[in-house]
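Biologist: I'd like to learn how to read a model like this one. Could you show it to me and take me through its features?

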Amino acid sequence: MVDLLSVLASGILVGTVYAYMAYGLGLIYGVLRVVNLAHGAFLTLGVYVTWWLNTTFGMDPLVSILITVPLGFALGATVERTLVFRLRDSPPVTTLLLLFGVWLIVRNALYLIFGGADRSLLTSYSLESLAVGPLTLSIPRLIVSAFSLLGFVVLALMLKRTWSGLALRAVAQDREAAALSGVPVNRVWAVAFGIGSALAMSAGSLMSLFYSVTPEFGARFLLKSFCVVVLGGLTNIGGILVAGIGLGIAEDLTAFYIHTGYRDVVSFLVLTAALVMRRADAD
Amino acid sequence: MTPDSRPRWFPVLGLLLGVGLFQACSGGGDDTIRIGAALPLSGKHANVGGFFRDGYQLAVEEANAAGGVEIDGVRRPIELRVYDDKSDASISPSLLERLIAVDGAVALLSGYSTPLVQAQVIVPMRRGIPFMNAGGASKSIFREGNQWVFGALSPVESLASTTLEWLMWEQDQDRLPKPLRVAMVWQNTDHGREYRTGVHDVIEGQTDRFELVLDESFEHLSSDHTSLIVKVRSVEADVFLSDAHEPDFLLQHRAYVEQGLGHIAVSYGARGPERSVREGLGEAVSHLVSAQWWTRALPYERSRHFVERYEAQFGGPVTEYYPAVAYEAARALITAIGNAGSTAPETIRDALKNLELDDSLLPGGRLYFPEESRLQIENRCVIVQNQPEGGVRIVFPPDAAEGPAYLGS
């Protein structure tokens, strides 16, 4: 029983990490209808900026979020204004390739600057855990889970209670109607890309608490982010949170009760099933 | 003479002159003996690639300081030519082709990492050029009928078998119980599968000493290891063995510590002494046991000599095995060229087959390339244990041990 509870708790904690790293991807797709292959680049930039701030200035990764969020927003909005915007009426595959190119440039730039070695962060709480009854919960993972839930609440409130959120939802529902109603669509696109990138970079900051930092970091998690977004409903932030947690639990239960080697197979099976079901619904 | 009446052999003469000039520029016309390597000097293995270049360079400099090698009664210098394959297995083979065809390399040294070396070995086997491998331990590199690829790194299986030999030695000292309950997890790669084979080969003949209570693989770059560690906890083993590359090792041992596990002995294959590991996990890596292909404290004259030379030239304590095995591989190749007394590939190959360095810095003190293991050395590794204050201590084999191992409860 303790083992089952441990596995469930681990699945929930891992799942909230999945959700946090996927919020930005979902938001950008929802508003721009663009599959952001540069998402992996922003995740990777997040871990590198955090690692660099920690090793250079001793800055705690949690504090570094105060830098990665605005930096991510600025970089994301710049990418949208200078690159994505120019291709907005092109076929989707063009934007896809463009953003893939952005990712490759960032990855290779990081190789050039930092090399390819695995690097890690060590803080005073990196290896701490909290005993809750018979369970032992990792403090860094609890922190990331708290941020994931906080991110969901802030994002949900922003989308529902602010004018910017209303504009984002309006453009997501019908770009032309939103434009006719006076919504500055171009600015909304930049804001959406900026917020999505800021979320990705802050997710990278938090993930540096337990994952090693390499230029391939984004590649490791991009597919998982896609799984969560597809499963959660592409534009539904609440759905993404639930999907992330569901995927985390499914993976951990599979790893524990069937075989650890099948852990990642779960993601692919879920992705395939979700796509097939969505296709069936569409038909 | 009008332009139309120029002799037809003019273009041929021009071509020959061009080739001659090119040969002269590339050094092919002098008496230098050229050896080459395609190393990952950028990309994901850049840091290790640098260690290999330094190790190779040191061996070449030593050989040249001693007057080079004697070919046909004339002493000739060795030149090492290195290209950067950017850690890309699709680039590496073409660089080796270039080393052979353009630079005139008479023998090759390997790059680093099993996938890169697997891609490289196709070239020397097809071209019939001696290839000295110090960067990939997997047996899959050494194919049936192999005549050209020589391995200075013992197989991955040796990591596992030496670790179990150490455990048996501790049992014989009455410091460990019999049978010992072993939980083993391994990365689902060639490296991990061979580690598993090494464990099974020993355990199957020692059922009174070992009971394998968990034998499970995990995927490379897994996003979480907590459920696997919970599984390890549930089997209540005495010893925990894992074979993982660094990113998985860091995540797995983090989960191990977070879940509050403790075993008599914990080993992650060759992982543990690296500086990056201590930077990432701090004191949590104290007392980890690892099997190494070399460590600086080995009590051999050649090993001490290497440490002094390397640290004098490159600075800082040498904490990784990479430059040492690279140095030894290059030294073996240069010695074989000298023994061959010729730069003909077949002659160098035969000299390598007959080579036996009795002053090797590798564990066991001997470097050789046995035919029965497809020209891959089969030495035992050395077992070291991380110390709480930093650094490592050799705990096995007994003739090299610096002290007893700390065993958990």
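Modeller: Let's start at B:Pro397, which is found in the segment after strand E16 (392-396) of chain B. Helices (H or I, at least four residues) and strands (E, at least two) are DSSP runs, numbered from the N terminus. This is a predicted model, in which local features need pLDDT of at least 70, side-chain atom pairs count only at pLDDT 80 or more, and totals for chains, interfaces and linings use all residues. Residues are numbered from 1 along each chain as its sequence is written, and chains are lettered from A and ligands numbered from 1 in the order in which they are written.

Biologist: Which peptide bond joins B:Phe396 and B:Pro397, cis or trans?

Modeller: The bond is cis, with omega about 5°. The peptide bond from B:Lys178 to B:Pro179 is also cis, and there omega is near -10°. B:Pro179 sits in the loop between helix H6 (156-172) and strand E8 of chain B.

Biologist: Where do I find the partners of E8(B)?

Modeller: Strands pair if DSSP finds at least two bridges between them. E8(B) pairs in the parallel sense with strand E9 (residues 210-218) of chain B over eight bridges, and B:Val182 faces B:Leu212 in E9(B). Five bridges join E8(B) to strand E10 (residues 239-243) of chain B, again in parallel, with B:Met184 opposite B:Leu241 in E10(B).

Biologist: And what does the loop between E9 and H8 of chain B hold?

Modeller: B:Leu221 lies in that loop. Its phi is positive, about 60°, although B:Leu221 is not a glycine. B:Leu221 has 19 C-beta neighbours inside 10 Å and so counts as partly exposed. B:Arg374 also has a positive phi, near 55°, and is placed in the loop between strand E14 (367-368) and strand E15 (382-386) of chain B. With 19 other C-beta atoms within 10 Å, B:Arg374 is partly exposed.

Biologist: Is B:Glu144 buried or exposed?

Modeller: B:Glu144 counts as exposed, because it has 5 C-beta neighbours inside 10 Å. Its place is the loop between strand E6 (131-133) and strand E7 (149-151) of chain B. B:Glu144 and B:Ala183 are 39 residues apart along the chain, and 33 Å separate their C-alpha atoms.

Biologist: How is chain B divided into domains?

Modeller: The bounds come from an automatic or database domain assignment. Domain 1 of chain B takes 33-154 + 299-378, and domain 2 takes 157-292 + 383-396. Their centres, taken over C-alpha atoms, are 30 Å apart. Eight residues from each of these domains of chain B make the contact, where contact needs C-beta atoms, placed from the backbone, within 7 Å.

Biologist: How many residues of chain B are in contact with chain A?

Modeller: There are 37 residues of chain B in contact with 32 residues of chain A. On the chain B side, helix H9 (246-258) is among the elements that give two or more residues, and H9(B) contributes the largest share, seven residues.

Terms used
Buried ≥ 20, exposed ≤ 12 C-beta atoms within 10 Å, placed from the backbone. Contact = placed C-beta atoms within 7 Å.
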